[in-house]
Amino acid sequence: LETVDARARHERVRALTAQADAGLRALGLTLASPSAALERGPQVAFLDADPAGLARALAERGVVVSPRGEIVRVAFHGYSDEGDVERLLRAVREVR
């Protein structure tokens with residue numbers, strides 16, 4: 001991470017959250033995080049009837065999320081990539 005430009009890393013994470021936001025909305029989920037990229041930050045959150053159960057099912061598929069009350073939070077980092085978003089969307093599609 002020391003060799004990666006901070007602005008480039010920030011833009012990369014912003015692009016990943018936008019991809020996740022659009023993909024989760026396309027699956028019909030209700031998002032709890034802001035839709036505006038500048039307000040969203042490095043995470044995307046969506047409502048679920050059983051966040052803890054969904055988190056367990058996603059973990060079985062290699063996707064780590066955090067259940068928070070009625071929402072499921074997905075956080076992206078500088079080392080995340082488009083494949084991580086695709087794995088998330090595929091796993092959610094399989095489970096929900």
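The model is predicted: local features need pLDDT of at least 70, side-chain atom pairs count only at pLDDT 80 or more, and totals for chains, interfaces and linings use all residues. Residues are numbered from 1 along each chain as its sequence is written, and side-chain values use heavy atoms, with hydrogens and water left out.

**Overall fold**

The protein has four helices and three strands. These are DSSP runs numbered from the N terminus: helices are H or I with at least four residues, strands are E with at least two. From the N terminus the order is α-α-β-α-β-β-α. The radius of gyration is 13 Å, close to the 12 Å of the globule rule for 96 residues, so the protein is as compact as a globular protein of that length. That radius is taken over C-alpha atoms, and the rule is 2.2 Å times the number of residues to the power 0.38.

| Property of the protein | Value |
|---|---|
| Span of the C-alpha trace along its principal axes | about 40 × 25 × 20 Å |
| Accessible surface (Shrake-Rupley method, 1.4 Å probe) | about 5700 Å² |
| Distance between mean positions of the 14 positive (Lys, Arg) and 14 negative (Asp, Glu) charges, with His and chain ends not counted, placed at NZ of Lys, CZ of Arg, CG of Asp or CD of Glu | 1 Å |

Carbon and sulfur atoms hold 50% of the accessible surface. Buried residues make up 34% of the 96; buried means under 20% relative accessible area, with a 1.4 Å probe and protein chains only. Contact means heavy atoms within 4.5 Å. Among contacts between residues at least 6 apart in sequence, 58% join residues at least 24 apart.

**Nonpolar core**

In soluble globular proteins, nonpolar side chains tend to be buried together. A nonpolar core here is a set of buried Ala, Val, Leu, Ile, Met, Phe, Trp, Tyr and Cys residues joined through side-chain atoms within 4.5 Å. The largest one has 21 residues; Leu24, Phe46, Leu58, Val65, Phe76, Leu88 and Val92 touch the most other members. Helix 1 (6-26), strand 1 (43-47), helix 3 (51-60), strand 3 (71-75) and helix 4 (82-95) each supply at least two residues. Helix 4 gives the most, with five. Leu88 touches Ala20, Leu24, Val63, Val65 and Val74, not counting residues up to four places away in sequence.

**Helix 3 and Ser66**

Helix 3 buries Pro51, Gly53, Leu54, Ala55, Ala57 and Leu58. These residues pack against strand 1, strand 2 (66-68), strand 3 and helix 4. Gly62 follows helix 3, with a positive phi near 80°.

Ser66 lies in strand 2. Its relative accessibility is 18%, so Ser66 counts as buried. Leaving aside neighbours within four places in sequence, Ser66 contacts Ile71, Val72 and Arg73.

Technical notes
Buried means under 20% relative accessible area, exposed over 50%, partly exposed in between (1.4 Å probe, protein chains only).
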